[in-house]
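Hi there,

Here is the structure I said I would pass on to you.

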Amino acid sequence: KNQVAIANPQLSKENDPEINDLQEQLVELLGAKVKILIQNGQKEKGGKIIIDFYSQEEIQGIIKKLTQ
């Protein structure tokens, strides 16, 4: 089942060095492009992690890494 992401103006890419470091750690861990979006620019309010993948094999590899 495919899902289409709809832009949410309340979520923004954070330029915070701590968030950027966490994002880079996820990129290294998963071997995939990762974006961390912060709710209303406030880390305390949470946000979303977006992981890009380009094939079924790639998403299966990401899932395997997340469940190890």
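**What I found**

The chain has two helices and three strands, and please keep in mind that this is a predicted model.

Some totals first. The chain has 68 residues, and 21% of them count as buried. Its accessible surface comes to about 5,500 Å², with 51% of that belonging to carbon and sulfur atoms. If you look at contacts between residues at least 6 apart in sequence, 38% of them join residues at least 24 apart.

The part I would open up on screen is strand β2, residues 34-39. This strand is mostly covered, with five of its six residues buried. β2 pairs with strand β3 (residues 47-51) in the antiparallel sense, over five bridges. Within that pairing, I36 stands opposite I49 of β3.

Which backbone atom does the side chain of Q23 reach? It is the nitrogen of I36, at 2.8 Å. Q23 itself sits in helix α1, which covers residues 17-30. Is Q23 buried or exposed? Q23 counts as buried because its relative accessibility is 13%, and the cut-off for buried is under 20%.

Best wishes

How values were computed: Residues are numbered from 1 along each chain as its sequence is written. This is a predicted model: local features need pLDDT of at least 70, side-chain atom pairs count only at pLDDT 80 or more; totals for chains, interfaces and linings use all residues. Side-chain values use heavy atoms; hydrogens and water are left out. Helices (H or I, at least four residues) and strands (E, at least two) are DSSP runs, numbered from the N terminus. Buried means under 20% relative accessible area, exposed over 50%, partly exposed in between (1.4 Å probe, protein chains only). Contact means heavy atoms within 4.5 Å. Accessible areas come from the Shrake-Rupley method with a 1.4 Å probe; for residues, only the protein chains shown count as cover. Two strands pair if DSSP finds at least two bridges between them. A polar contact is a pair of N or O atoms within 3.5 Å; within protein, one must be able to donate a hydrogen and the other to accept it, and residues adjacent in sequence count only if both atoms are side-chain atoms.
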